[in-house]
Amino acid sequence: MELLEWDCSVIMGLSYTVGNRQIMTMRSTSAGVEVINIGRGGSIYQFRNWMMTNIGIRPDVGKAVHKSPYRILFSEGSSHQRNRNVSFKKHSQILQERLGGKYELEIRFVKLSTLSLKEQIELTSGTSIFITMCGGGAVTAMFLPKGASLFAYFNEMDGDGETPARLDWDLLNNLGYIRVHWLPRPSSGRLTRRGRGMPGPQPYDFDAFVSLVDHELDIISHLNN
C-alpha cells in the first residue's frame with residue numbers, strides 16, 4: 001500500500017490532523033461527547049503505518065500475528081494514577097495453566113513508560129493479544145497488527161456522573177483492523193478516586209477472561225494474512 005503524504009501533527013499521542021480533519025480525539029459539546037472516528041479505521045491504520053515508517057520500522061515486516069508462539073502482552077504500571085495501576089499476575093498464571101497446553105504462548109509483562117516509542121511499537125506490532133488498563137498505555141494498541149485483539153479494562157464508576165470510565169473509547173473502539181473488548185477493572189479491593197470500594201475479581205471473572213482469550217486465539221490461529 002502506498003503511504004499518503006500526511007499534513008499531520010501529533011499532540012500528546014492522542015490526536016493528529018490530516019488536512020483540516022482531526023483524528024483520534026473526542027470533542028465535548030453541551031450535549032455530551034461527540035464521537036468523530038466512526039468509519040475512520042482505514043485512515044487510522046494508514047497513519048499507524050506512516051508513524052512506523054517514519055521512525056524506521058517497516059509495517060509489513062515483523063512477527064506474524066497468526067503464527068505461534070502467540071504473544072500476549074500485559075501492560076502494567078504505566079500510569080501515575082493508582083486506580084489505573086493493576087496487577088495481571090493472576091490472569092497470566094491462570095492463562096498458562098488452562099491454555100498453555102492448547103497454544104504455544106509467549107506471555108510478557110511490560111511497563112510501557114520505561115520504553116522508548118520505537119521499543120513500544122516494535123513490541124506491540126508483533127503482539128497477538130494486548131491486555132491493558134484504560135489510561136495505562138492503552139493508546140499504544142493502535143500499533144497492533146491486523147487481526148490482533150485488545151482487552152481494555154476500565155473503572156466502572158470513575159467517569160463523569162459515576163459512569164464507566166472507558167478512556168479513549170472513540171479511538172480504540174474504531175480501530176477497525178483489530179478486535180476490541182471492554183472489561184470491568186480487575187480490582188484488588190482498593191477505593192476508586194471517587195472513594196467507592198471495588199471488590200477484587202471473582203472466580204467467574206477469571207473464567208470469563210480465559211474463555212475470551214481462548215476464543216480470540218482460536219480466531220487468530222486461523223488467520224492467514
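The following legends describe close-up views of a predicted model.

**Figure 1. Overall composition of the predicted protein.** The secondary structure comprises five helices and nine strands. Read from the N terminus, the elements follow the order β-β-β-β-α-β-α-β-α-β-β-α-β-α. Of the 225 residues of the protein, 45% are classed as buried. Among contacts with a separation of 6 or more, 65% are made by residues 24 or more positions apart.

**Figure 2. The open sheet of five strands.** The strands are arranged in the order β6-β5-β7-β8-β9, with parallel pairing. The edge positions belong to β6 and β9; each has a single partner strand, so one side of each lacks a neighbour in the sheet. On average, neighbouring strands of this sheet are turned by 15 degrees against each other, direction ignored. Between β5 and β7, the parallel pairing extends over three bridges. Here Leu73 stands opposite Phe130 of β7, and Phe74 stands opposite Ile131 of β7. The parallel pairing of β7 with β8 extends over five bridges, and Ser149 in β8 is the bridge partner of Ile129.

**Figure 3. Strand β7 and its two covered faces.** How many of the five residues of β7 are buried? Five of the five are, so the strand is largely enclosed by the rest of the structure. In a regular strand the side chains alternate between the two faces of the sheet. In β7, Ile129, Ile131 and Met133 lie on one side, while Phe130 and Thr132 lie on the other; both faces are covered.

Figure 4. Thr132 belongs to strand β7. Thr132 and Phe154 are 22 residues apart in sequence, with a C-alpha to C-alpha distance of 9.1 Å.

Figure 5. An α-helix has 3.6 residues a turn, so residues three or four places apart point the same way.

Figure 6. Parallel pairing of β5 and β7 over three bridges forms part of the surface shown. Helix α3 (residues 117-124) packs on the sheet, where it touches β5 and β6; the direction of α3 makes about 135 degrees with that of β5. Helix α5 also packs on the sheet and touches β5, β6, β7, β8 and β9, its direction making about 160 degrees with that of β8.

**Figure 7. The largest nonpolar core and Leu217.** This core contains 54 residues, of which Ile72, Ile131, Leu150, Phe209, Val213 and Leu217 touch the most other members. With seven residues, α5 gives the most to the core. Apart from neighbours within four places in sequence, Leu217 is in contact with Tyr70, Ile72, Leu99, Tyr103, Leu105 and Ile129.

**Figure 8. Helix α1 and the residue Gly56.** Helix α1 (residues 41-54) has 14 residues and reaches 20 Å from its first C-alpha to its last, close to the 20 Å expected at 1.5 Å a residue. The buried residues of α1 are Gly41, Ile44, Tyr45, Phe47, Arg48, Asn49, Trp50, Met51 and Met52. Following α1 is Gly56, which has a positive phi near 90 degrees.

Figure 9. Pro201 is located in the loop between β9 (179-184) and α5 (203-221). With a relative accessibility of 30%, Pro201 counts as partly exposed. Pro201 and Arg185 are separated by 16 residues in sequence and by 8.3 Å in space, C-alpha to C-alpha.

Conventions: Residues numbered from 1 in each chain as written. Predicted model: local features only at pLDDT ≥ 70, side-chain atom pairs only at ≥ 80, totals over all residues. Heavy atoms only, no water. Helix = DSSP H or I, 4+ residues; strand = E, 2+ residues; numbered from the N terminus. Buried < 20%, exposed > 50% of the residue type's maximum accessible area, 1.4 Å probe, protein only. Expected span 1.5 Å × (residues − 1). Core = buried A, V, L, I, M, F, W, Y, C linked by side-chain atoms within 4.5 Å. Contact = heavy atoms within 4.5 Å. Pairing = 2+ DSSP bridges. Axes fitted to C-alpha atoms, helices over the stretch in contact; angles between N-to-C directions.
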